[in-house]
Amino acid sequence: PVLDTEDAWVSVEGPVSIVELALEQKRIHYPLVEHQFVLCTILYAIMRFSLKSVKPLSLFDSKGKNAFFKDLTSIQLLPSGDMDPNVLSIRQQFLVKVVSAAVQTLCSSQKAKEASEEELFPFEKGKNWPTLAVDLAQYLQISEDVVKRHYVCALYSYGMDHLGEE
């Protein structure tokens, strides 16, 4: 981009402006940032729902694990379309756990009407975990229908039939 500067600023001495520093930075590899985002979302879900016995790095193959420790400006080989069935199974189990925990939290927060979910978790206002799990399914190469079906079954099993029908 072309940066026009006024004549008064041309003779100014001092540190380099933040705009010039930003323009000198290397471009990031966006798929690698998305890959990091998926890991952050997984870690946040594990923390938020206190999921036990989940090993976050087991949800990724060797290429995916190696990509986490590379510079974001480097172009890395990311997981391809062909995945190990064992990794896919672990991913599916994880997403099912997240949806089950989200429904259980929703059910328990509706039973305890004295404290709303926004009061308990102020940073999660408007966050819909089952929808987030469906979005993660797309990144993790899991059928979205499996996650949606489990969500509906979980709603019915917790007695929230009106939500399950929707």
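## Confidence of the model

In the protein chain, helix α6 (residues 117–120) has the lowest confidence, with a mean of 50, and α3 has the highest, at 93. These values are pLDDT, the predictor's confidence in each residue from 0 to 100; helices are DSSP runs of H or I with at least four residues, numbered from the N terminus. The chain average is 84, and 86% of the residues score at least 70. Where pLDDT is low, the predicted coordinates should not be read in detail.

This is a predicted model, in which local features need pLDDT of at least 70 and side-chain atom pairs count only at pLDDT 80 or more, while totals for chains, interfaces and linings use all residues. Residues are numbered from 1 along each chain as its sequence is written, and side-chain values use heavy atoms, with hydrogens and water left out.

Beyond its neighbours within four places in sequence, Phe94 is in contact (heavy atoms within 4.5 Å) with Ile42, Ala45, Ile46, Leu51, Val54 and Leu59.

## Threonine 41

Threonine 41 lies in helix α3. Its relative accessibility is 8%, so threonine 41 counts as buried, the cut-off being under 20% relative accessible area with a 1.4 Å probe, protein chains only.

The side chain of threonine 41 reaches the backbone oxygen of phenylalanine 37 at 2.9 Å. Outside the four-place sequence neighbourhood, threonine 41 is in contact with Leu132 and Leu136.

Technical notes. Helices (H or I, at least four residues) and strands (E, at least two) are DSSP runs, numbered from the N terminus. Buried means under 20% relative accessible area, exposed over 50%, partly exposed in between (1.4 Å probe, protein chains only). A polar contact is a pair of N or O atoms within 3.5 Å; within protein, one must be able to donate a hydrogen and the other to accept it, and residues adjacent in sequence count only if both atoms are side-chain atoms.
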